[in-house]
Amino acid sequence: MLRQGYLKGLLSDWGKTNFTRGREQHQGPPKPPSPAHTIHMIIGGGNDPSINSANFTTTHKLKQSITHEWYDELEESITFDKSDTNGLEFPHYDALVITLRILDTDVRRIMVDVGSNACIIHPRVLTQMKLDDKIVPRCIILTCFNNAVERTSGEMTLPVLVGGVTLETTFHIMDQDTAYNAIIGRLWIHIMRAIPSSLYQIIKFPTPCGIFSIRRERRISREYYRIALDCTATQQMRDREKEA
């Protein structure tokens, strides 16, 4: 009866906390269909797929769509505790890098960036997904924290499926040197009611089946943080060469 919502008022605070954690651990959304592709790291030159590190695993196409069931009341609290630190080494300064199912493809190396209002995707990802012809040309101006201006070349709305929830998300397309395949910004984070933690390297959000967690991609967050710094330094060098 507790799982159906009855008699919760009779539980102590300790009992409510442990009941909530039990639901988070044992309940879960329906298992999504297997991805049609998996995109690892696609930034690089040449035609050798081992250089581009694009790994495709052909399976069946996505045949079903799980709609986002919106609900007004959030009964469970989203918390972080010691169990979320498994596998982490402190101190660290790593970005939160995750994998998301976009359309029918598992796209890896996606950075969760609460400082970005926009969701951004690299055009080579869409090339690997064979969606080039569906890009909607559109140029918008994105301003970085240092007031540097970047312009997008187009946009595309794609379903992002995670935790049994599908959210149609508009991605802006930007062809820049980057260590990441995409960036998930506040637009997706806020609509999903998600709480990311770069410290705990996890992002959690409510679903009809309970709190769902996405953990970092192990062993790459720190590596790609370093690559991102290298890309920034390279871009700054190119800018100085153009000015000269």
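Predicted model: local features only at pLDDT ≥ 70, side-chain atom pairs only at ≥ 80, totals over all residues.
Strand S3 covers residues 105–112, and seven of its eight residues are buried. Which way does S1 run relative to S3, parallel or antiparallel? Strand S1, residues 37–39, runs parallel to S3, and three bridges hold that pairing. Within S3, Thr105 has His37 opposite it.

S2 is another partner. Here the strands run antiparallel, with five bridges between S2 and S3, and Ile98 stands opposite Ile110 in S3. These two strands form a hairpin with two residues between them, and Leu103 there takes a positive phi near 60°.

His92 sits in the loop that links helix H2 (49–52) to strand S2 (97–102). Why do we call His92 buried? Because its relative accessible area is 10%, and the cut-off for buried is under 20%. What do the polar atoms of its side chain meet? One lies 2.7 Å from the backbone oxygen of Leu199, and the backbone nitrogen of Asp94 lies 3.2 Å from a polar atom of the His92 side chain.

Finally, let's zoom out. The protein has five helices and 13 strands, and 39% of its 244 residues are buried. Of the contacts between residues at least 6 apart in sequence, 66% join residues at least 24 apart. The accessible surface is about 14,500 Å², with 52% belonging to carbon and sulfur atoms. Thanks, everyone!

Note on methods
Residues numbered from 1 in each chain as written. Heavy atoms only, no water. Helix = DSSP H or I, 4+ residues; strand = E, 2+ residues; numbered from the N terminus. Buried < 20%, exposed > 50% of the residue type's maximum accessible area, 1.4 Å probe, protein only. Contact = heavy atoms within 4.5 Å. Areas by Shrake-Rupley, 256 points an atom, 1.4 Å probe, with all protein chains shown as cover. Polar contact = N/O pair within 3.5 Å; in protein donor to acceptor, adjacent residues only side chain to side chain. Pairing = 2+ DSSP bridges.
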